[in-house]
Amino acid sequence: MIEFDGVSKQYPGGTTAVSDLDLTIPSGKITVFVGPSGCGKTTSLRMINRMVDPTTGTVSIDGDDVARRPAAQLRRTIGYVIQSGGLFPHRTVVDNVATVPVLDGVGKRQARDRARELLEVVGLDASLGDRYPVQLSGGQQQRVGVARALAADPPIMLMDEPFSAVDPVVREDLQNELLRLQAELGKTIVMVTHDIDEAIKLGDLVAVFASGGKLAQFSPPAELLADPADDFVAGLVGRDRGYRGLSFLSADDLELQSIDSSVDGAKLITDAGRPVGWQDGAGLNPDVGTYTEGATLRTVVDQILLSAVGAAVRVDGDGRAVGLALQSEVIAQAQEREPRDRIPGEPVAPENGV
Ligand SMILES: Nc1ncnc2c1ncn2[C@@H]1O[C@H](COP(=O)(O)OP(=O)(O)OP(=O)(O)O)[C@@H](O)[C@H]1O
């Protein structure tokens with residue numbers, strides 16, 4: 001657990017970067033700091049590993065004030081990932097990843113072997129290990145940065161805008177990879193981003209910073225969408241927050257209609273139980289939106305929008321139709337469900353759409 005207790009930071013020249021911050025960051029979860037430029041996110045992050053010291057207040061890890069720990073020793077227990085990976089350009093990928101273990105006294109050979117394993121953990125081929133950073137794509141460099149931060153197996157990882165220098169497709173890959181890794185590793189991750197979508201997707205908890213380094217809200221993402229604390233937060237999460245909030249509602253409880261029901265004057269045609277299209281007087285339209293167990297209401301809405309009629313077809317694991325989710329039922333469910341029914345911290349699950 002990382003605690004900020006009455007923490008403020010004034011830089012020389014008078015800028016108040018962080019203002020009276022109280023925050024408890026739980027262990028084993030992803031906490032995201034989000035907010036506009038200059039609102040003190042990076043300063044707050046860097047106070048955890050003492051790259052910045054607070055002007056007043058304390059930052060503690062598991063009850064110990066970090067100010068009492070020698071900074072170099074503290075940083076060995078905290079991984080740090082920055083934009084573009086921040087790799088040493090004149091060291092090979094393997095040596096970049098092996099840096100901290102070697103500093104900690106692990107033999108070079110053992111550290112390099114482990115580094116190659118870690119490259120595979122972050123989704124890179126170990127054969128890339130002998131290249132120099134400049135010979136890698138931006139996304140690959142970013143993965144190496146994550147592998148390097150993981151090399152000393154620190155319980156805490158700080159990530160400062162780790163994915164902002166890569167294109168949107170690579171960014172999404174890296175985000176999914178981080179969620180996969182975190183499900184395995186259960187680190188305490190604190191990440192800074194200015195991208196609210198990234199915060200909502202990755203965060204178990206999201207801290208929204210407002211200008212002047214003030215904390216505007218600290219909540220699970222579902223609550224941020226359902227119940228923004230003020231107009232600033234509501235503006236940040238956007239006007240489509242109702243729709244985005246559907247990502248946190250399970251579709252498993254939707255009341256389904258029989259697959260023989262007619263929807264908008266059309267009937268579902270199946271082949272060996274699998275949907276092939278919607279048939280009406282005008283012919284067969286092959287646009288059928290489907291979803292499986294575990295999908296969110298957002299997936300179902302997306303599938304309805306893709307469909308020829310106002311319904312999505314729930315299918316089983318073999319792709320066989322089991323029922324129809326009508327648009328009216330989805331909207332009724334979305335309106336009925338209170339924030340407390342929402343799945344806390346459940347990330348968007350686009351793979352649930354079929
Ligand atoms: N070393 C420094 N000296 C003086 N002022 C600083 C220093 N570092 C940051 N600041 C100022 O403190 C404020 C907060 O900066 P910080 O980098 O923490 O914000 P941020 O929310 O991370 O912004 P961004 O998203 O643009 O990185 C800004 O006004 C910035 O100009």
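Reader: How many residues does the protein have, and what percentage count as buried?
Author: Of its 354 residues, 41% count as buried. Keep in mind that this is a predicted model. The C-alpha atoms fill a box of roughly 75 × 50 × 30 Å along the principal axes. Within it, the protein has 12 helices and 17 strands.

Reader: What share of the contacts with a separation of 6 or more comes from residues 24 or more positions apart?
Author: The share is 64%.

Reader: Which domains does the assignment give?
Author: Domain 1 covers 2–239, and domain 2 covers 262–336. Their C-alpha centres lie 41 Å apart.

Reader: How should I read the largest nonpolar core, and which residues have the most contacts inside it?
Author: Start with the general idea. In soluble globular proteins, nonpolar side chains tend to be buried together. Here the largest core has 93 residues. Val97, Ala147, Leu158, Val206, Val300 and Ala325 have the most contacts inside it. This core draws at least three residues from each of domain 1 and domain 2.

Reader: Take leucine 158. Which residues is it in contact with, leaving aside neighbours within four places in sequence?
Author: Leucine 158 is in contact with Leu45, Ile48, Asn49, Ile78, Gly79, Tyr80 and Val190, once those neighbours are left aside.

Reader: Now the sheets. What is the order of the open sheet of 4 strands?
Author: The general idea comes before the case. Strands of a sheet pair through backbone hydrogen bonds, either parallel or antiparallel. In this sheet the order is E2-E1-E4-E5, and the pairing is antiparallel. E2 (16–25) and E5 (64–65) are the edge strands, each pairing on one side only. E1 (residues 2–10) and E4 (residues 56–61) are joined by 5 bridges. Isoleucine 2 has isoleucine 61 in E4 as its bridge partner.

Reader: Which helix packs on that sheet?
Author: Helix H1 (residues 41–48) does, touching E1, E2 and E4. The direction of H1 makes about 55° with that of E2.

Reader: What is the pairing in the open sheet of 3 strands?
Author: The pairing is mixed, with the order E15-E16-E17. The edges are E15 (290–291) and E17 (321–326), each of which pairs on one side only. E15 pairs with E16 (residues 311–315) in the parallel sense, over 2 bridges. Threonine 290 stands opposite valine 313 in E16. Helix H12 (residues 327–336) packs on this sheet and touches E16 and E17. The direction of H12 makes about 65° with that of E17.

Reader: Where does arginine 50 lie, and where is the place of aspartate 264?
Author: Arginine 50 lies in the loop between H1 and E4. Aspartate 264 is in the loop between E11 (262–263) and E12 (266–271).

Reader: Why does aspartate 264 count as partly exposed?
Author: Count the C-beta neighbours. Aspartate 264 has 13 inside 10 Å, so it counts as partly exposed. The cut-off for exposed is 12 or fewer, and for buried 20 or more. Arginine 50, with 18 other C-beta atoms within 10 Å, is partly exposed too.

Technical notes
Residues are numbered from 1 along each chain as its sequence is written. This is a predicted model: local features need pLDDT of at least 70, side-chain atom pairs count only at pLDDT 80 or more; totals for chains, interfaces and linings use all residues. Domain bounds come from an automatic or database domain assignment. A nonpolar core is a set of buried Ala, Val, Leu, Ile, Met, Phe, Trp, Tyr and Cys residues joined through C-beta atoms within 7 Å. Two residues are in contact if their C-beta atoms, placed from the backbone, lie within 7 Å. Two strands pair if DSSP finds at least two bridges between them. Axes are lines fitted to C-alpha atoms, for helices over the stretch in contact, and angles run from 0 to 180 degrees between N-to-C directions.
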